[in-house]
Amino acid sequence: MRIIDLINNSKKTLFSFELLPPLRGNNINSIYRITDPLVEYNPTFINVTYHQEEVVYKKRENGLLEKKTIRKRPGTVAISAAIKYKYPSVEVVPHLICGGFTKEETEYALIDFHYLGIDNILALRGDAPKNQRTFIPEKNGHAHASTLVAQIADMNHGKYLDEELLNSFHTNFCIGAAGYPEKHIESPNQDYDLRFLKEKIDAGAEFIITQMFFDNQKYFSFVDSCRKAGITTPIIPGLKPITTLKEINVLPQVFNIDIPETLVKEVLKCKTNEEVFDLGVEWGIAQSKELLKANVPVLHYFTVGISENIRQIVKAVF
Ligand code: FAD
């Protein structure tokens, strides 16, 4: 089923979470160790992230560096299918990115998702690989998420890349896009960012999932700004509980977000990462309860390889 219909047909806030494909070399049980404890709390959907290939340099015996292109977290399509068939009552939302894909490859991926019975896609640009300063699209690929959204919307209208295809099937994907309450790192300001967020909605995105934030006021004012900019779609807050001391420095760098001073002070009082983990759960419960009171459409959690903290939050909140 399409996420937008599930949201529109629900009178209460729904629960969902995002899953990262495991690092290469793991087996499927490392996925189920994350999903099984959370599926007990009836998530409406599970997102599966997509990870682009990266270039790594390995030292050879002769001391020279060997350049290799690897995908550290492969398996998005297969994991999406495995989840769909293991938990029939849960929708799956694979992420599809512009990075590393030509438009033809995007079309092939969409055809795979369609054949697998997947109805929802989160359409993203993707970040630049670690060793690249800026995002560089593939030749004949998408430079921005808005044109990826438009390609998916075209398929929903039966328009494929080969214009000679006649009577082609109209897919029925519900398309989501990313939003940034504290603005995207590359945007000069929030108005600029909102302009392009609106472009994704105008191209056919029907819901937004936000970047993580630790201060709910940032989410509430983002929603206000979106509404003023004419964006009327559901805006799903994305939440990640803090788990280790070093995250108070790493998360702001990677995701361009602020961590409120009250939370930083509490984290610095912790003597172990176990204490930070418990504090993260406590903060996550408080954040979730306030968002629930504000009738947000869905509470969406980023698991990042751990589900116990999310399990404790969801148990306390729903
Ligand atoms: P876009 O909407 O294309 O925006 C990127 C930047 O370009 C913004 O600054 C925007 O303002 C600007 N911009 C947009 N359109 C234009 C235009 N036409 N002209 C000029 N500027 C423009 N990354 C992954 O690699 N895999 C994932 O699975 C993944 N999942 C994510 C899930 C969520 C909920 C979120 C919030 C992010 C996720 N990301 C993921 C990260 C995301 O790919 C990065 O934040 C990326 O840098 C931007 O993606 P976007 O889709 O928001 O890009």
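1. Asn 140 sits in the loop between strand S6 (120-124) and helix H5 (145-156). Helices here are DSSP runs of H or I with at least four residues, strands are runs of E with at least two, and both are numbered from the N terminus. The phi of Asn 140 is near 60 degrees, a positive value in a residue other than glycine. Most residues other than glycine have a negative phi. Asn 140 is partly exposed, with a relative accessible area of 42%. The terms run as follows: buried is under 20% relative accessible area, exposed is over 50%, and partly exposed is in between (1.4 Å probe, protein chains only).

2. A word on the basis. This is a predicted model, in which local features need pLDDT of at least 70 and side-chain atom pairs count only at pLDDT 80 or more, while totals for chains, interfaces and linings use all residues. Residues are numbered from 1 along each chain as its sequence is written, and side-chain values use heavy atoms, with hydrogens and water left out.

3. Lys 183 also has a positive phi, near 65 degrees, in a residue other than glycine. Lys 183 lies in the loop between strand S7 (174-179) and H6. Lys 183 is also one of the residues that line the largest cavity.

4. Now the cavities. Rolling a probe the size of a water molecule over the atoms shows where empty space is left. A cavity is a set of points, on a 1 Å grid over the protein atoms alone, where a 1.4 Å probe fits but cannot get out; lining residues have an atom within 4 Å of a point. Grid points are joined across faces, edges and corners, and a volume is the space filled by probe spheres set on the points. The count comes to 2 cavities of 30 Å³ or more.

5. The largest cavity has a volume of about 40 Å³. Its lining includes Tyr 180, Pro 181, Glu 182, Gln 211, Met 212 and Phe 255. The lining divides into 5 nonpolar, 2 polar and 2 charged residues. Here Ala, Val, Leu, Ile, Met, Phe, Trp, Tyr, Cys and Pro count as nonpolar, Asp, Glu, Lys and Arg as charged, and the others, Gly among them, as polar.

6. The second largest cavity has a volume of about 30 Å³. Lys 240, Pro 241, Thr 243, Phe 302, Thr 303, Val 304, Ile 306, Asn 309 and Ile 310 line it. They divide into 5 nonpolar, 3 polar and 1 charged.

7. Gly 305 belongs to the loop between strand S10 (298-302) and H11. Gly 305 is exposed, at 54% relative accessible area. The C-alpha atoms of Gly 305 and Leu 19 are separated by 7.3 Å, although the two are 286 residues apart along the chain.

8. Turn to the rings. The structure holds 7 aromatic pairs. One of them, Tyr 192 with Phe 196, is edge-to-face: 5.0 Å centre to centre, with 70 degrees between the planes. Rings of Phe, Tyr and Trp (its six-membered ring) pair if their centres lie within 6.5 Å; planes under 30 degrees apart count as stacked, over 60 as edge-to-face and the rest as tilted. Tyr 192 and Phe 196 are 4 residues apart in helix H6 (residues 190-203), so about one helical turn separates them. Tyr 192 is partly exposed at 33%, and Phe 196 is partly exposed at 32%.

9. Phe 213 and Tyr 219 have ring centres 5.5 Å apart and planes at 15 degrees, so this pair is stacked. Both Phe 213 and Tyr 219 are buried. Elsewhere, ring pairs link Phe 15, Phe 17, Tyr 301 and Phe 318 into a cluster.

10. The buried residues of helix H2 (residues 29-39) are Ser 30, Ile 31, Tyr 32, Ile 34, Thr 35, Leu 38 and Val 39. They pack against strand S1 (14-19), strand S2 (45-48), helix H3 (76-86) and helix H11 (308-317). Contact means heavy atoms within 4.5 Å.

11. Thr 76 lies in helix H3. Thr 76 is buried, at 3% relative accessible area. Not counting residues up to four places away in sequence, Thr 76 touches Pro 21, Val 48, Thr 49, Tyr 50, Pro 94 and His 95.

12. Leu 263 is in helix H9 (residues 261-269). At 0% relative accessibility, Leu 263 is buried. Leaving aside neighbours within four places in sequence, Leu 263 is in contact with Phe 214, Leu 279 and Trp 283. The C-alpha atoms of Leu 263 and Phe 214 are 8.5 Å apart.

Definitions and conventions:
On a 1 Å grid over the protein atoms alone, a cavity is a set of points where a 1.4 Å probe fits but cannot get out, and a pocket is an open set with protein on both sides within 12 Å along at least five of seven lines; lining residues have an atom within 4 Å of a point.
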